[in-house]
Amino acid sequence: MNIKKVLIVTGGTGSNFLYKSLKTKKNLIINFLINLYDDGKSTGKLRSYFDYKILGPSDLRKLHELSFNTSNKSNKKNNFFKLRIDSKIFNTKKNTIDKNLSNRISKAINLESLPKEIQTYIKNAINLFFNSKKKLDYKDISLANLVYAYLANKYSSYNIVEKKIRKIFKIKNRIFFNDCNNLFLLH
């Protein structure tokens, strides 16, 4: 048996078709190489929250999601990588965050169906982002991005984050980063 290794160099979602096509081939080990310089949408909000001391988690999350969904028959309704927190979960009458937020998020996403370690990370991320004095724009944000950013801040390393998430969800494809310096792509 001749096993070949393939490295897909990508910016995140651009590799979907290529990966899915290669995944059908036998005897291939497929990994990815990405940068983490994204600062758009919720990724930009999270980088700003940490005073730009972390890189953007979004492309890493998307590739984990792609690898996980291609290898598993996931429940799309409760897919950790797709879950978003929107304004319906918050106390919209007062537009504030109250002490029942964690319970509402848990109920809205069916937290108990996720792996225990992810449940803990979600609770810790919610406590970090929504119970501190520093405000996060939460109108529409990826829950997984919150967890990735929380872990990146905690461990000061996306290499650790990538390894932990890959292990929890039994993802075979590794994701490598071109650099872990805190940089930005310029348009």
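Let's start inside the protein: Ile-105 is buried, with a relative accessible area of 0%. This residue sits in helix α4, which covers residues 101-109. Its C-alpha atom is separated by 9.7 Å from that of Leu-143, a residue 38 positions away along the chain. Keep in mind while you look around that this is a predicted model.

**The overall layout**

The protein chain has 187 residues, and 44% of them count as buried. Its secondary structure comes to seven helices and five strands. Among contacts in the chain with a separation of 6 or more, 68% are between residues 24 or more positions apart. The accessible surface comes to about 10800 Å², and carbon and sulfur atoms account for 52% of that surface.

**Strands side by side**

Strand β1 (residues 4-9) and strand β2 (residues 28-34) run parallel and are joined by six bridges. Within this pairing, Ile-8 has Phe-32 of β2 as its bridge partner. Strand β2 also runs parallel to β5, with three bridges joining the two. Here Leu-33 stands opposite Phe-176 in β5.

In soluble globular proteins, nonpolar side chains tend to be buried together. In this model, the largest nonpolar core holds 52 residues, and the members that touch the most others are Phe-80, Ile-122, Phe-129 and Leu-146. Helix α6 (residues 143-155) supplies the largest share of this core, with nine residues.

What does Phe-80 contact, once its neighbours within four places in sequence are left aside? The list is Leu-114, Ile-118, Ile-122, Ala-144, Val-147, Tyr-148 and Phe-169. Phe-80 has a relative accessible area of 1%, so this residue is buried. Phe-169 has 8% relative accessibility and therefore counts as buried too, the cut-off being under 20%.

**Aromatic rings**

The structure holds nine aromatic pairs. Such a pair is described by the distance of the centres and the angle of the planes. Two of the pairs are set out here.

| Ring pair | Distance between centres | Angle between planes | Arrangement |
|---|---|---|---|
| Phe-50 and Phe-129 | 5.7 Å | 75° | edge-to-face |
| Phe-80 and Phe-169 | 5.5 Å | 15° | stacked |

Why does the pair of Phe-50 and Phe-129 tie together parts that are 79 residues apart in sequence? Phe-50 lies in the loop between α2 (41-49) and α3 (58-71), while Phe-129 belongs to helix α5 (residues 116-130), so the pair links these two places. Both Phe-50 and Phe-129 are buried.

The pair of Phe-80 and Phe-169 brings two loops into the picture. Phe-80 lies in the loop between α3 and β3 (84-86), and Phe-169 in the loop between α7 (158-168) and β5 (175-177), so this pair ties together parts that are 89 residues apart in sequence. Ring pairs also link Phe-80 and Phe-169 with Phe-68 and Phe-81 into a cluster.

One more aromatic ring deserves a look. The charged end of Lys-134 sits over the ring of Tyr-49, 5.4 Å from the ring's centre.

Note on methods:
Residues are numbered from 1 along each chain as its sequence is written. This is a predicted model: local features need pLDDT of at least 70, side-chain atom pairs count only at pLDDT 80 or more; totals for chains, interfaces and linings use all residues. Side-chain values use heavy atoms; hydrogens and water are left out. A nonpolar core is a set of buried Ala, Val, Leu, Ile, Met, Phe, Trp, Tyr and Cys residues joined through side-chain atoms within 4.5 Å. Buried means under 20% relative accessible area, exposed over 50%, partly exposed in between (1.4 Å probe, protein chains only). Helices (H or I, at least four residues) and strands (E, at least two) are DSSP runs, numbered from the N terminus. Contact means heavy atoms within 4.5 Å. Accessible areas come from the Shrake-Rupley method with a 1.4 Å probe; for residues, only the protein chains shown count as cover. Rings of Phe, Tyr and Trp (its six-membered ring) pair if their centres lie within 6.5 Å; planes under 30 degrees apart count as stacked, over 60 as edge-to-face and the rest as tilted. A charge sits over a ring if NZ of Lys or CZ of Arg is within 6 Å of the ring centre and within 35 degrees of the ring normal. Two strands pair if DSSP finds at least two bridges between them.
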